[in-house]
Amino acid sequence: MTRNELVKQIFDKKSFLCVGLDVDLKKVPEHLLKEEDPIFAFNKAIIDATAPYCVAYKPNLAFYEAFGVKGLMAFEKTVKYLKENYPEQFIIADAKRGDIGNTSKMYARTFFGEYDVDALTVAPYMGEDSVTPFLDGYDNKWVILLALTSNKGSFDFQLTEDKEGERLFEKVIRKSQEWGNDDNMMYVVGATRGEMFTDIRKSAPNAFLLVPGVGAQGGSLQDVCKYGIIKDCGLLVNSSRGIIYADNTENFAKVAGEKAKELQVEMAAELAKI
């Protein structure tokens with residue numbers, strides 16, 4: 001998907017919501033466990049209920065790999081279902097890959113060649129040759145680099161400063177712009193960082209940002225928009241637990257749709273301010 005296509009969808013739907021498909025069988029409604037493939041059954045119901053209100057879906061690969069081959073088959077079926085029924089949706093594989101060049105080439109072939117998702121989260125710690133294989137030869141595909149996350153451990157490395165006062169996350173953003181551009185590279189920035197989005201925008205004024213942490217993790221949509229939104233939005237705000245696990249009865253999909261709509265209405269108000 002191109003940047004223009006993504007932006008068009010955002011303004012057509014008046015939404016920049018990304019729904020995280022982090023399927024934990026201990027949390028899904030009990031009646032789904034009787035299904036042949038409960039993971040896919042859950043995803044299908046969530047997608048059908050939330051698709052009118054979001055522009056992207058983000059399956060977290062850990063939640064599928066935990067179930068071995070069956071889990072990966074459910075992931076593959078989920079991607080195929082989206083492509084066949086909701087082709088306008090931007091699909092992010094949240095796999096946080098990153099390794100030496102030859103290995104990264106295989107990861108790129110897996111997600112962009114075999115699964116044909118639109119974007120993949122990538123860890124930049126190993127540098128240029130671990131990231132560029134995801135950018136070479138894959139048109140209209142996106143790398144989403146981890147930049148500033150909201151977990152406690154982010155203080156261990158991401159916020160450390162060099163002798164010039166540049167923090168590591170700023171160095172990652174600055175250096176990575178030599179490898180990709182605003183049409184094929186996004187950055188993960190945790191919503192709980194609030195005013196830190198001002199610093200992010202100094203380093204990446206026009207890049208799209210994937211923003212987890214709104215909702216269950218306590219991030220504020222209004223703060224994210226206040227400091228991070230740009231003229232073509234430039235944001236994909238992810239919500240997982242706050243939508244998909246809002247209810248665990250047979251009405252779970254309906255409630256998920258209602259929660260997604262609530263966020264969409266808030267996002268429409270923010271987009272109207274641009």
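## Barrel and strand pairing

Strands E1 and E2 run parallel and are joined by four bridges; two strands pair if DSSP finds at least two bridges between them. Helices (H or I, at least four residues) and strands (E, at least two) are DSSP runs, numbered from the N terminus. The model is predicted, with local features requiring pLDDT of at least 70 and side-chain atom pairs counted only at pLDDT 80 or more, while totals for chains, interfaces and linings use all residues. Residues are numbered from 1 along each chain as its sequence is written, and side-chain values use heavy atoms, with hydrogens and water left out.

With parallel pairing, eight strands close into a barrel in the order E1-E2-E3-E4-E5-E6-E7-E8. On average, and ignoring direction, neighbouring strands of this sheet are turned by 30° against each other; axes are lines fitted to C-alpha atoms, for helices over the stretch in contact, and angles run from 0 to 180 degrees between N-to-C directions.

Strand E5 (residues 142–148) is joined in parallel to strand E4 (residues 119–122) by four bridges. Leu-120 has Val-143 of E5 as its bridge partner, and Val-122 has Leu-145 of E5. With strand E6 (residues 185–189), E5 pairs in the parallel sense over five bridges; here Leu-148 is bridged to Val-189 of E6. E5 is mostly covered, with seven of its seven residues buried.

## Helices on the sheet

Helix H2 (residues 38–50) lies across strand E1 (17–21) and strand E2 (56–59), and runs at about 170° to E1. Helix H10 (residues 221–228) also packs on the sheet, where it touches strand E7 (209–211) and strand E8 (235–239); contact means heavy atoms within 4.5 Å. The direction of H10 makes about 165° with that of E8.

H2 and helix H4 (residues 68–85) have axes that come within 9 Å and cross at roughly 25°. The two helices are therefore roughly parallel to each other (angles under 35 degrees count as roughly parallel, over 145 as roughly antiparallel, 65 to 115 as roughly perpendicular and the rest as oblique). The crossing of H2 with H4 is right-handed; a crossing is right-handed if the near helix is turned clockwise from the far one by less than a right angle, and left-handed if anticlockwise. H2 contributes Ile-39, Phe-40, Asn-43, Lys-44, Ile-47 and Asp-48 to the contact, and H4 contributes Gly-71, Ala-74, Lys-77, Thr-78, Tyr-81 and Leu-82. By class, this contact of H2 with H4 has six nonpolar, three polar and three charged residues (Ala, Val, Leu, Ile, Met, Phe, Trp, Tyr, Cys and Pro count as nonpolar, Asp, Glu, Lys and Arg as charged, and the others, Gly among them, as polar).

The axes of H2 and helix H12 (residues 252–271) cross at roughly 40° and come within 8 Å. H2 and H12 are therefore oblique to each other, and the crossing is right-handed. Phe-42, Ala-45, Ile-46, Ala-49 and Thr-50 of H2 meet Phe-252, Ala-253, Ala-256, Gly-257 and Ala-260 of H12. The residues of the contact of H2 with H12 comprise eight nonpolar, two polar and no charged.

Leu-61 sits in the loop between E2 and helix H3 (62–65) and counts as buried at 2% relative accessibility. Not counting residues up to four places away in sequence, Leu-61 touches Leu-72, Phe-75, Ala-93, Asp-94, Ala-95 and Phe-111. From C-alpha to C-alpha, Leu-61 and Ser-240 are 14 Å apart in space, and they are 179 residues apart in sequence.

Ser-239 lies in strand E8 and counts as buried at 3% relative accessibility. With neighbours within four places in sequence left aside, Ser-239 is in contact with Leu-17, Cys-18, Val-19, Gly-20, Val-214 and Leu-263.

## Positive phi angles

Most residues other than glycine have a negative phi. Lys-96, not a glycine, has a positive phi of about 50°; Lys-96 is in strand E3 (residues 90–97) and is partly exposed, with a relative accessible area of 42%. Asn-140, also not a glycine, has a positive phi of about 60°. Asn-140 is in the loop between helix H6 (128–131) and E5 and counts as partly exposed at 43% relative accessibility.

Definitions and conventions:
Buried means under 20% relative accessible area, exposed over 50%, partly exposed in between (1.4 Å probe, protein chains only).
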